[in-house]
Amino acid sequence: MTEETGARRWLVDITHWRPSPSQFDAAVALLPPHERPAIVRFVKEDDRKRALVSRLLQYSLVHQVLRIPFQQITISRTAEGKPYLQNENATFRNFNFNTSHQGDYVGIASEPFCLVGLDIVSISKPQREAVTDFINNFSSYLTDHEWNCIVRAGSPNEVLTEFYRYWCLKEAYVKAIGAGVGFGLHRLEFRHVDWTDISICIDGQESKRWKFWLFKLDEMHLASIAKGHPEDAANSYKKTLSNVVVEEEQLHATLEISEEGFTLRTVEQLTRLQD
């Protein structure tokens, strides 16, 4: 994944960032004023850190890839809450990005041509119920095939991890297309060979216009990347893209580019990238 392509995969471990109140405020001050209420509204420190780092990743990545001065970057959101770059750029006309945060990690993925979705999950054990009872709460979001694969995975820990793999993939797709919370996750079915060569069926039809990857960040965190055709974007998000009609050969060539994982970044690096 070369620097010239506009594709990035950045990951921040927020457990290593312990800012003083003044350091936190200084980082918040780097962002446009309209971004700040979404950060300070959180009561818990870790939630505020995730919200801040998520936005720092967006602005820092756009600045590095497109060389737009930090204070001139305009990031807006669709009606469904999907962030997108409002600045026009001639370098990568379909440039888009997606962030995710859960547990210890905040990440971002960007693509210049195809849609990209990122989801990070923390494999947290349910506190007050058995694993089978916990995943049963989500059975309506899973297909029969997925449900059978999950419940037959083995030990309770293996069942829980298997569930989160499917959930992570579904969320990455929905986030990539910019759909809202009302999107029916049961419409998506994932199949795989030992969690490689992952394919998707949408409303019962296999789609060749998407590819998916799963990453084990550590023992407790997973991440998934979804890449696919701009035509599949939700209507409100499609309007933010400049090049929705693409050649199939170019799309498939882009989808075949291997995913090499994430580059670890620190908050200090992100704040320096504004210069």
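Me: Which residues touch the most other members of the largest nonpolar core?
Reply: In this predicted model, the largest nonpolar core holds 39 residues. Among its members, those that touch the most others are Y173, W210 and F212.

Me: Which element gives the largest share of this core?
Reply: Two or more residues of the core come from each of β6 (115-122), α4 (131-136), α6 (156-177), β7 (188-193), β8 (196-202), β9 (205-218) and β10 (221-228). The largest share amounts to 13 residues, and the element that supplies it is α6.

Me: Which residues does Y173 touch, not counting residues up to four places away in sequence?
Reply: Contact here requires heavy atoms within 4.5 Å. With residues up to four places away in sequence left out, the residues that Y173 touches are F183, L188, I200, I202, W210, F212 and A226.

Me: Is N96 buried or exposed?
Reply: N96 belongs to strand β4, which spans residues 96-102. Its relative accessible area is 2%, and because the cut-off for burial is under 20%, N96 counts as buried.

Me: Which backbone oxygen does the side chain of N96 reach at 2.9 Å?
Reply: The side chain of N96 reaches the backbone oxygen of N94 at 3.0 Å, so that pair falls within the 3.5 Å limit for a polar contact. N96 also touches C114, along with residues including A109, S110 and Y237. The backbone oxygen reached at 2.9 Å is that of C114.

Technical notes:
Residues numbered from 1 in each chain as written. Predicted model: local features only at pLDDT ≥ 70, side-chain atom pairs only at ≥ 80, totals over all residues. Heavy atoms only, no water. Helix = DSSP H or I, 4+ residues; strand = E, 2+ residues; numbered from the N terminus. Buried < 20%, exposed > 50% of the residue type's maximum accessible area, 1.4 Å probe, protein only. Polar contact = N/O pair within 3.5 Å; in protein donor to acceptor, adjacent residues only side chain to side chain. Core = buried A, V, L, I, M, F, W, Y, C linked by side-chain atoms within 4.5 Å.
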